[in-house]
Amino acid sequence: MREKPVIRFERFVLDNGLRVIAAHDPAAPVVAVNLWYNVGSRNEREGRTGFAHLFEHMMFQGSQHVPENAHFALIEKVGGSLNGSTWLDRTNYFETLPSHHLELGLWLESDRLGWLLPAMTQEKLDNQRDVVKNERRWRVDNQPYGDWDEQIQEMMYPPDHPYHHSVIGSMADLDAATLEDVEAFFRTYYTPNNAVLTVAGDFDPAALPALVDRYFGEIPPGPPIPPLPGRTQLDPLLGEEIRRVVEQDVALPRVYTAYRIPPYGDSAFHAAAVAAHMLGEGKGSLLYRRLIRTGLAQDVVAYAFPIVVGAAILVTWTTAMPGVDVNVLETALLDAIGELRTASDADVTRAVRMLEASRLRDLQRLDERADTLSMFTMLFDEPDRINTEIERIRAVTTKDIRSFAERYFGENNRGVLQYLPRPS
Amino acid sequence: MSTFDRAVAPAPAPIREFRFPRINRRTLDNGMTVLHAAHGSAPIVTILFIADAGAVREGNTRAGLAELTANLLETGTADRDAQQIAVELETLGAQLETTVGWDAASLSLTVPTEHAPTALAVLADIVLRPAFITSEFERLRQEQVGQIIRRRQDPRLLASDVAGRFFYTPASPYARPLIGTEQTVRSLGQHDVEAFYHERYGPRTAALLLVGDVDDALLDAVNVAFGAWTAAAKPGHDVETGPAADRRIVHIVDRPGSVQSELRIGHVGLARHSPDYFPVTVMNAILGGLFTSRLNLNLREKHGFTYGARSAFAFRRYPGPFLIQAAVANDVTARAVEETLREVHALRDHGATEDEVTAARDFITGIQPLELQTTEQLAARLAEIVTFGLPDDYFDHFRRGINDVTPDDVRRVARQHIHPDRLAVVVVGCATDVEKPLRDLDIGPVEIHRIND
């Protein structure tokens, strides 16, 4: 057995509160820069759903010292790649660069954290509002089953919980967003003390702290971050079965199930991650065996959302083969999930081995390494989870899976969402 | 704290040289090619089997056969059934991926080094000794029909599937979807699959690629696994790739209720072997290959018509399409088409600036090491060498090929390979909303199609 690779890193904190992780690996002349801001759709106030994501778009529109369109142009012309993304708990920004251009990444990221507002205009906001509305059409409104996450979040979280609404938000709320909202959101959440910066790959480790301080050090800290809106506490179980049927322009019925599970970071979440792999990952999985090999379905998915506020959810879905009745499919899906109560050692081992191997594959990429380090630092103040999390996954036993399934995969803790073709 | 001028972008540090990994070649006694390359420090190996069994080889009446054949391989051998194969590989930490393209079919997996020889043996069993079990054949054929039905309902996939029919003559395989049509797939029999397998899968028309933590034990295992394979696959024939029309036509594929139009605008493009591969690659980056390309800056950042616009030349063994794509709101569909044509004309008539050409070249050469971070990424480059018969040192010279491209080259290839008056303008969207404005543009005849036409 070969030695398992360990990701090594240093950590330090600037005077303004910016947490920094430096993971040196000079194997290739490549470096990844990654910033997590502790703000996502969960922080949005009523009437402003979708705003955290719209704001993410505004971060690419230039800042005081970076002209409009220059952010993308400067990185592309040195052969770098870049993007940002918004989710329930966080917003991240990242670029991967040929390593001799590391400073370019630090300069661009620090300028929009320190000097965004002087470059903000109504015209830029209106343009990106149109872009984001087209993103919503593309992802949700013009896509079969495209609103599934909106439906599931509404079903699984009460109206006053921060996860009740989706990341993309509503068209009406996007229309309502103003420049004043941009300014207030920036001043509240885009502060060094609400961010983690990770640099991974090829750089001079001795010089990095001074380099980061040069670009980020003079940005003043912001005020304390306000608490999340609404009610964040949830009962561990849903207490009922919640059902929805949606008729849409889809060709084939699809069934989703969602179960309330402990939040990411809870020690029980590792069993959820293994259970999701047992259910839906690979052609040896339970759902593939029971639904696809039997000719009932043409796809299966199972995913445990790694989210931290109150409770997470484990979601599965499957799409019917032509001619298969939606209720037959639903029964088969629920029965297959129920089989976890009598899970076998072999099925648990298969899932754990797949998780181990996919970690090795994923961490080859510096952007993935940097994003994982930022995440564990932001969520748990424990970057070393990048190395230790897999040990906790390996420690999950068949007995753990059985009792997890017994507790969480019951009728009183699930949402069931059916999509049916609209009658013509 | 040092003071410095924030208004000036920082200068780069001294560049660290990047070399493309060394590629090693050997040929087994039965004629099968083996390429291998070391990569990174992760204790894993990517194993990729690739055969000249892509969709261009299947014949137009049997569209979808290449896909069905490749997918059937892992559903049973003399010694293992489908479930055993999946569980055995996945318990090793390997997940088998079957990919069928126009030019090739491949089966690949990435596995921890210690299990690589075992995974290789299972892969060889799948490729060399498929059992072609009738119940599995019928299940997979039905699954493929189900996918075709779903693709019709999804505007993005529908647009990509139908575009070829408006770009290429009906005699061309590129005129129809790679996955086949409901009619052709339903008509496939198990004998078609078995015949295609015997015609197309053999050691002389296949290769095995190994990337990552490759050791001698694994290389020895290759000989054991594939050395005795004696199947005699047939050589392939060239295929038709002529255009569908010799003038510009607007094709509206009506999808009532659509809130966006999926645009696919293009025509027949170039083969991978085109001597203009490098200048066309640079030219396309400027037109629509980058975020800061002309099309995306215009349609997205200036007008807000779309979430994103891009263009590409699909360099295949035979001339693949030149294709511009974007999803745009209904009420701006005609204006988006107009702006797209404006950009195409501008590049063709005036070429690109020195700065644009430099930026595009530097992007394409600079991003090379970023796109070789994983064993899978390097294996894909090796597959390109095998599929297109490129020399083993091709990527060592790739940067020079790009760096030699001048603004004059870009102007020349734009004029030579982009034909605005022959573009097929395919719009998958709500005809009620978009037909009149598209007619008013007066850029060519407008034809309306129904989805099932």
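Strand β1 (residues 10-13) of chain A pairs with β2(A) in the antiparallel sense over four bridges. Strands (E, at least two residues) and helices (H or I, at least four) are DSSP runs numbered from the N terminus, and two strands pair if DSSP finds at least two bridges between them. Within this pairing, V20(A) in β2(A) is the bridge partner of F12(A). The two strands, β1(A) and β2(A), form a hairpin with five residues between them, and G17(A) in the turn has a positive phi of about 100°.

β2(A) also pairs with β6(A), in the parallel sense and over six bridges. Here H24(A) stands opposite G201(A) in β6(A). β2(A) is mostly covered, with five of its six residues buried; a residue is buried if 20 or more other C-beta atoms, placed from the backbone, lie within 10 Å of its own, exposed if 12 or fewer do, and partly exposed in between.

## Basis of the model

The model is predicted: local features need pLDDT of at least 70 and side-chain atom pairs count only at pLDDT 80 or more, while totals for chains, interfaces and linings use all residues. Residues are numbered from 1 along each chain as its sequence is written, with chains lettered from A and ligands numbered from 1 in the order in which they are written.

## Chain A as a whole

Chain A contains 15 helices and 11 strands. Its radius of gyration, taken over C-alpha atoms, is 23 Å, close to the 22 Å that the globule rule (2.2 Å times the number of residues to the power 0.38) gives for 424 residues, so chain A is as compact as a globular protein of that length. Buried residues account for 53% of the 424 residues in chain A.

## Two domains

An automatic or database domain assignment supplies the bounds, dividing chain A into domain 1 (10-216) and domain 2 (240-421). The centres of the two domains, taken over C-alpha atoms, are 28 Å apart.

In chain A, 31 residues of domain 1 are in contact with 30 residues of domain 2, contact meaning that C-beta atoms, placed from the backbone, lie within 7 Å. On the domain 1 side, β2 (19-24) and β6 (195-201) are among the elements that each supply at least two residues.

## The contact with chain B

Between the chains, 65 residues of chain A are in contact with 70 residues of chain B. Elements that each supply at least two residues of the chain A side include α3 (102-114) and α12 (345-362).

Definitions and conventions:
Contact = placed C-beta atoms within 7 Å.
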